[in-house]
Amino acid sequence: MIIALTAEETVVGELQIIPALFEQGLDLLHLRKYHFTDAQMCRYIASIGEQYHSRLVLHSHPHLSAALGIYRVHINEQRRSRGLFDKQFANCICSTSVHQIQKFNTLEDCWDYAFLSPVFPSISKSGYGERDTVLDQLAFRSNFNVNLIALGGITATNCLLALQAGVDGIALLGSLWCQPDPIQNFILCKETLSQDYNIFHRG
């Protein structure tokens, strides 16, 4: 499984890049537009082909889920730890985030998958993960009811290493939007994972 997250700020050509990523085999896209008003978010999603809406995840603006007909939402670690898992999301496919394998191991199976980060030093957040990554923690995974998605510093050169360490999929952020050619970088990651058919199709 390959998931992408949008940059928070708008990237030049973003709404042309997104459909191209889906056409190249992107599984899911998390929409991280925290600064958007509700109206802006609705317009943004309307600009993405309706055929891709079932593969969109509301990482921000989850309260718009029902109105937009998008039934994948992301509840971040802070909201989850505060118990802010609203009943309105009971019929949604929900994901969350953790930063320690111990936290991941305690997640209930109401979560479809969880991001674990940073697996490698972050590309989009300078300095994040340079001294402390969670790659070595993967050996201590005991929860196999929730899919584990590696996030943080994932590139074509290390994505296979992450899956070989025991994750079910990867998430791309900086390797797409902080680079001059997001589509080519996605293709390189996909081709790298495809070298091992069993690993690539495990998620």
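Colleague: Hi! What covers the buried residues of H2?

Modeller: The cover includes H1, S2, strand S3 (56-58) and helix H3 (65-68). Cover here goes by contact, meaning heavy atoms within 4.5 Å. Before we go on, this is a predicted model, where local features need pLDDT of at least 70 and side-chain atom pairs count only at pLDDT 80 or more, while totals for chains, interfaces and linings use all residues. Residues are numbered from 1 along each chain as its sequence is written, and side-chain values use heavy atoms, with hydrogens and water left out.

Colleague: Thanks. Which residues in H2 are buried?

Modeller: Met41, Tyr44 and Ile45 are buried in H2. Buried means under 20% relative accessible area, exposed means over 50%, and partly exposed is in between, with a 1.4 Å probe and protein chains only.

Colleague: And where do they sit around the axis?

Modeller: Those three cover an arc of only 95° around the axis, so they are on the same side of H2. The arc is taken from the directions from the helix axis to the C-beta atoms. As background, an α-helix has 3.6 residues a turn, so residues three or four places apart point the same way.

Colleague: What does the face turned away from the buried side carry?

Modeller: That face of H2 carries the exposed residues Arg43 and Ala46.

Colleague: Let's zoom out. How many helices and strands does the chain have?

Modeller: There are nine helices and eight strands. They are DSSP runs numbered from the N terminus: helices are H or I with at least four residues, strands are E with at least two.

Colleague: What share of the chain is buried?

Modeller: Buried residues make up 51% of the 203 residues. As for the surface, the chain exposes about 10,000 Å², and carbon and sulfur atoms supply 48% of that area. Those areas come from the Shrake-Rupley method with a 1.4 Å probe, and for residues only the protein chains shown count as cover.

Colleague: Which residues does the salt bridge with lysine 33 involve?

Modeller: Lysine 33 meets glutamate 14 there, at 2.9 Å from N to O. Glutamate 14 lies in helix H1 and lysine 33 in the loop between S2 and H2, so the pair ties together parts 19 residues apart in sequence. Glutamate 14 is buried at 2%, and lysine 33 is buried at 0%.

Colleague: And what does aspartate 168 pair with?

Modeller: Aspartate 168 forms a salt bridge with arginine 141, with the closest N and O atoms 2.9 Å apart. Aspartate 168 is in the loop between H6 and S8. Both partners count as buried, aspartate 168 at 10% relative accessibility and arginine 141 also at 10%.

Definitions and conventions: Salt bridge = Lys/Arg side-chain N within 4 Å of Asp/Glu carboxyl O.
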